[in-house]
Amino acid sequence: MAKKFYVVWAGRETGVFTDWATTQRHVHGFPAARFKSFESRAAAEQAFKSGTPPSAGRRSAPSAAAVTSNIHVPPVDDQGVQIYCDGACEPNPGHAGSGIVVYRDGELIELWYGLYNPNGTNNTAELNALHRALLMAESNIAAGRSIRILCDSSYAINCVSKWADGWKARGWRKSGGEIKNLGIIQEAHAVYTRMAPEIQLSHVSAHVGTEGNELADRMAMYAVTQRDRDLRQYTGALDIKAILRMRAG
């Protein structure tokens with residue numbers, strides 16, 4: 001994989017850095033961190049001198065062209081497996097699908113799409129994506145790999161890793177009434193509890209140019225248009241720029 005250079009405009013330390021591990025220490029968990037990767041030192045130094053890039057905060061999703069021009073490197077470690085998952089629904093409720101992106105040792109290796117539901121919601125699509133990501137994580141753990149799952153749905157993460165324990169203890173009931181999407185929550189929670197100490201399950205902000213999240217979004221929308229009820233591996237070229245030009249959710 002070609003060497004990259006990393007610019008941090010807002011972080012614990014700012015400047016141009018030559019490895020992701022150092023860059024991550026400066027930006028991970030830092031409020032409103034601003035950073036980006038470049039292919040050459042000269043480009044990185046010029047970008048740093050130009051000043052802080054526009055804020056990543058947006059009221060609505062950016063265009064595919066805008067995202068393609070402002071993609072961050074995946075916020076992941078250099079080693080192990082990182083799995084991004086996302087769901088899409090158009091309209092909501094309506095046609096729903098899920099997307100999954102897999103990196104190994106920092107390199108994109110697989111894209112997945114499917115789990116189409118003509119009467120789904122954004123939440124069901126996100127939960128389905130997280131469930132399948134957890135199953136993929138389980139097989140990788142069995143092979144001795146370290147795992148991190150990144151999901152932009154706080155709802156899905158909380159259902160599976162926080163709220164489900166309390167609901168289960170009360171006989172899968174909650175004081176506020178019905179637990180929506182209970183079936184898929186139970187299935188995903190069962191997988192999660194088998195390996196919780198061995199994985200990291202993290203929230204990632206949506207539509208801020210994080211490569212893995214943007215690719216998962218494209219795969220989720222591709223699932224909506226392809227209407228395939230199975231989860232299928234994307235067989236097209238792993239051309240990141242071309243995939244990012246696909247329809248965004």
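This is a predicted model: local features need pLDDT of at least 70, side-chain atom pairs count only at pLDDT 80 or more; totals for chains, interfaces and linings use all residues.

Biologist: How many disulfides does the structure hold?

Modeller: The structure holds zero disulfides. Cys85 takes part in none, and the nearest cysteine sulfur, 4.1 Å away, belongs to Cys151.

Biologist: Are Cys85 and Cys151 buried or exposed?

Modeller: Cys85 is buried, with a relative accessible area of 1%. Cys151 is also buried, at 0% relative accessibility.

Biologist: Let us step back to the overall picture. How many helices and strands are there in the protein?

Modeller: The protein has eight helices and nine strands. Of its 249 residues, 49% are buried. Taking the contacts between residues at least 6 apart in sequence, 69% join residues at least 24 apart.

Biologist: How do strands of a sheet pair, in general?

Modeller: They pair through backbone hydrogen bonds, in either a parallel or an antiparallel manner.

Biologist: What is the order of the six strands in the open sheet?

Modeller: The order is E8-E7-E4-E5-E6-E9, with mixed pairing. Strand E8 (199–203) and strand E9 (231–233) are the edge strands, each pairing on one side only. From one strand to the next, the twist averages 20°.

Biologist: And how many bridges join E4 to E5?

Modeller: E4 and strand E5 (residues 94–104) run antiparallel and are joined by 10 bridges. Within this pair, Tyr84 stands opposite Val101 in E5.

Biologist: Which strands does H4 touch as it packs on that sheet?

Modeller: H4 touches E4, E5, strand E6 (107–120), strand E7 (147–151), E8 and E9, and its direction makes about 160° with that of E4. Helix H7 (residues 211–226) lies across E4, E5 and E6, running at about 140° to E5.

Biologist: Glu211 is in helix H7. What does its side chain contact?

Modeller: The side chain of Glu211 makes a polar contact with that of Tyr103, at 2.6 Å. Glu211 is buried, having a relative accessible area of 13%.

Biologist: Now the sheet of three strands. What is its order?

Modeller: That open sheet has the order E2-E1-E3, and its pairing is antiparallel. Its edge strands are strand E2 (15–17) and strand E3 (34–38), each of which pairs on one side only. The twist from one strand to the next averages 25°.

Biologist: Which residue stands opposite Tyr6?

Modeller: Phe17 in E2 stands opposite Tyr6. Strand E1 (residues 5–10) and E2 run antiparallel and are joined by three bridges.

Biologist: Which helix packs on this sheet, touching E1, E2 and E3?

Modeller: Helix H1 (residues 20–27) does, and its direction makes about 10° with that of E1. H2 also lies across E1, E2 and E3, running at about 5° to E1.

Biologist: On to charged side chains. How many salt bridges are found in the whole structure?

Modeller: A search of the whole structure gives seven salt bridges. In general, side chains of opposite charge can pair when their charged atoms come close.

Biologist: Where are Arg41 and Glu45 placed relative to each other?

Modeller: They lie four residues apart in helix H2 (residues 41–50), which means that about one helical turn separates them. Arg41 is partly exposed, with a relative accessible area of 41%, and Glu45 is partly exposed at 33%.

Biologist: What is the N to O distance between Arg247 and Glu90?

Modeller: Their side chains meet in a salt bridge at 2.6 Å. Arg247 lies in the segment after helix H8 (240–244) and Glu90 in strand E4 (residues 81–90), so the pair ties together parts that are 157 residues apart in sequence.

Biologist: Which residue forms a salt bridge with Arg194?

Modeller: Glu138 does, the closest N and O atoms being 2.7 Å apart. Arg194 belongs to helix H6 (residues 182–195) and Glu138 to helix H4 (residues 122–142), so this pair ties together parts 56 residues apart in sequence. Glu138 is partly exposed, at 25% relative accessibility.

Biologist: Which residues are linked in a network of salt bridges?

Modeller: The network links Glu214, Asp217 and Arg218.

Methods:
Residues are numbered from 1 along each chain as its sequence is written. Side-chain values use heavy atoms; hydrogens and water are left out. A salt bridge is a side-chain nitrogen of Lys or Arg within 4 Å of a carboxyl oxygen of Asp or Glu. Helices (H or I, at least four residues) and strands (E, at least two) are DSSP runs, numbered from the N terminus. Buried means under 20% relative accessible area, exposed over 50%, partly exposed in between (1.4 Å probe, protein chains only). Two strands pair if DSSP finds at least two bridges between them. Axes are lines fitted to C-alpha atoms, for helices over the stretch in contact, and angles run from 0 to 180 degrees between N-to-C directions. Contact means heavy atoms within 4.5 Å. A polar contact is a pair of N or O atoms within 3.5 Å; within protein, one must be able to donate a hydrogen and the other to accept it, and residues adjacent in sequence count only if both atoms are side-chain atoms. A disulfide is a pair of cysteine sulfur atoms within 2.5 Å.
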